[in-house]
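Here is a briefing on one structure. Please look over the sequence and the coordinates before reading on.

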Number of protein chains: 2
Amino acid sequence: MQPIRLGLVGYGKIAQDQHVPAINADPGFRLVAVATQGKPCAGVENFHSLSELLEHGPEVDAIAFCTPPQGRFALVQQALAAGKHVLVEKPPCATLGEAMALVNQARQQDVSALFAWHSRYAPGIEAARDWLASRTLQSVRIDWKEDVCKWHPGQTWIWQPGGLGVFDPGINALSIVTRLLAQPLFVDSAELRVPDNCQSPIAASIKMSDASRLDVQAEFDFDHGHDELWSIEIRCAEGVLRLDNGGALLSIDGVRQVVSEEGEYTAVYRHFRQLIGDRASDVDLQPLRLVADSFFVGSRVAVEPFYDPAR
Amino acid sequence: MQPIRLGLVGYGKIAQDQHVPAINADPGFRLVAVATQGKPCAGVENFHSLSELLEHGPEVDAIAFCTPPQGRFALVQQALAAGKHVLVEKPPCATLGEAMALVNQARQQDVSALFAWHSRYAPGIEAARDWLASRTLQSVRIDWKEDVCKWHPGQTWIWQPGGLGVFDPGINALSIVTRLLAQPLFVDSAELRVPDNCQSPIAASIKMSDASRLDVQAEFDFDHGHDELWSIEIRCAEGVLRLDNGGALLSIDGVRQVVSEEGEYTAVYRHFRQLIGDRASDVDLQPLRLVADSFFVGSRVAVEPFYDPAR
């Protein structure tokens, strides 16, 4: 079978660090063109825009989108209208409305779309799903606490309207939990702690539940310089499952478990390849919907101003 | 044909003023039971809860929900699980996640569900749709400006987390506009003006567009004592359509048009009856989704505190 000819839009940090290495390691794909306004990608044809790529570039079957979510909607629409399969980095769009429209458009065009919630492919996730499948869940506790100055130096957009603030990492936790649980989650209440000089929360507490009234609590903190942690603990009648390091490590009742050795983005592209083969899509809105609902019903508490030392 | 046996949950102001008169005027329905914790409804059996109604009440085919959106989700789920058709007052739920889950559950149960965006049944709306169908739209301007102290005296919940603030009336405008336009709308940006002592906006400006880049602007104001107005003006290549008084009045190029004489809730129940007859549903999420996306991407500006004179 011929490899899938792939174009990539937005050759920034995540594309350079994760997407391109994963694509190049997968014989099922061949990266043939990149659209970017920054530094070009070596070894392929580079274009200044998606339009130019589609018009003057080599033929592509699929396009991966690594641009920021603001402004991505029109680009993905354009690719779908051209009949291309699409892989869309998280979060898929700036609003839920845009994401829902892409789901419909992909269905109408009969192409494959993947909303790539990359944390769902962390090494421990599938083993955790397997273990949970036959257990009786009692409660879920998420702690996602990191230092924004280390991970997002100088990225002011994260604090502006439409920026996710602490939900930028937090949505990764939500994407994992919604993958682990069989039923959808609902936001019951949320507290968003917003620095006086910002629009987006630097910390948040979210209370969620499912139709069976499962108690799910999340604590997000973006100003957590010491002992960063990205953990999800699920208490079951039969024992306690814990994911650490964003899903890389899995333990059951404190005993470390054997997990997958495949990298997140390697697994993302394998999944995308299978979707294209099956003419299927995987466009789960749930993580974005939980964030939007947290902003919708959340109470806001003003906290002290945040100054990025990188600026 | 036998009339549809109807139960009603939440016998508050909207039920007393609108629902029950409309139900009683429609020979296709017979109101047989009410669940309420307040004053009972004359002429029918009254119960303290939906559970009691379902367990001990007369057989019902359908249930209308007039309780506040907070807490409504579990009740509607219960009715759907019991195989009842449901009519749900606006907004259908407290969050988008809950509303989406109800849509799925109604589909699975194969019953009829109606999210009753009552303003869509205002007298001028269908005539406006007819006129617009063959026109080329250029821009849409919404002005929804009223005095909260007059319409919601003492209703503190409107200002609390999850309360819609000025979007409580504003969602009516959004429900009309999304009924008039052929394509879905997306929130591009929003400014939410939130009183210092409240959680929800007292005024808002929203910029929206559709896939054809139609320019749609909304101005919501909830602290507008003088010259209240609820108007939607749609500029077309062929002329200007204007709805006033929340859709009750329609004019084209300044000339008043003949409109329907049917009341909003009479039309709501006629529609519900037809849906039940057709085994169909009408569960449009779009107005709620536009509000959630406005909260999601909107910038917040603190404005002076709001004190309700009724408290």
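The points below cover the basis of the values, the chain pair, the domains, the backbone and the salt bridges.

This is a predicted model, in which local features need pLDDT of at least 70, side-chain atom pairs count only at pLDDT 80 or more, and totals for chains, interfaces and linings use all residues. Residues are numbered from 1 along each chain as its sequence is written, chains are lettered from A and ligands numbered from 1 in the order in which they are written, and side-chain values use heavy atoms, with hydrogens and water left out. Chain A meets chain B through 28 residues on each side. Within chain A there are two domains, domain 1 and domain 2.

**How the copies are related**

**The interface of chain A and chain B**

- Contact here means heavy atoms within 4.5 Å.
- Chain A and chain B bury about 2400 Å² between them, and carbon and sulfur atoms give 68% of it. Buried area is the accessible area (1.4 Å probe) that two parts lose on being put together, summed over both.
- A salt bridge is a side-chain nitrogen of Lys or Arg within 4 Å of a carboxyl oxygen of Asp or Glu.
- Polar contacts number 6 residue pairs, both residues at pLDDT 80 or more. A polar contact is a pair of N or O atoms within 3.5 Å; within protein, one must be able to donate a hydrogen and the other to accept it, and residues adjacent in sequence count only if both atoms are side-chain atoms.
- In chain A, α3 (72–81), α4 (96–109), β8 (186–195), α9 (286–297) and β15 (299–303) each supply at least two residues of the side that touches chain B. Helices (H or I, at least four residues) and strands (E, at least two) are DSSP runs, numbered from the N terminus.
- α9(A) gives the most to that side, with 8 residues.
- The side of chain A that touches chain B holds 17 nonpolar, 7 polar and 4 charged residues. Ala, Val, Leu, Ile, Met, Phe, Trp, Tyr, Cys and Pro count as nonpolar, Asp, Glu, Lys and Arg as charged, and the others, Gly among them, as polar.

**Domains of chain A**

- Domain 1 spans 4–115, and domain 2 takes 119–261 + 291–303. The bounds come from an automatic or database domain assignment.
- Their centres, taken over C-alpha atoms, are 27 Å apart. Domain 1 puts 5 residues into the contact and domain 2 puts in 8.
- The two domains bury about 430 Å² between them, 54% of it on carbon and sulfur atoms.
- A:Gln70, A:Lys90 and A:Pro91 supply 73% of the area that domain 1 buries against domain 2, more than any other three residues.
- Between the domains there are 0 salt bridges and 3 residue pairs in polar contact.

**Backbone features**

- A cis peptide bond joins A:Lys90 and A:Pro91, with omega about -20°. A:Pro91 sits in the loop between β5 (85–89) and α4 of chain A.
- In chain B, a cis peptide bond joins B:Lys90 and B:Pro91, with omega about -15°.
- B:Asn245 is not a glycine, yet has a positive phi of about 50°. B:Asn245 lies in the loop between β12 (239–244) and β13 (249–252) of chain B.
- B:Asp253, also not a glycine, has a positive phi near 50°. B:Asp253 is in the loop between β13 and β14 (255–256) of chain B.

**Salt bridges**

- The whole structure has 34 salt bridges over all chains.
- One joins B:Arg273 to B:Asp26, with the closest N and O atoms 3.1 Å apart. This pair links distant parts of the chain, 247 residues apart: B:Arg273 is in helix α8 (residues 264–278) and B:Asp26 in the loop between α1 (13–24) and β2 (29–35) of chain B.
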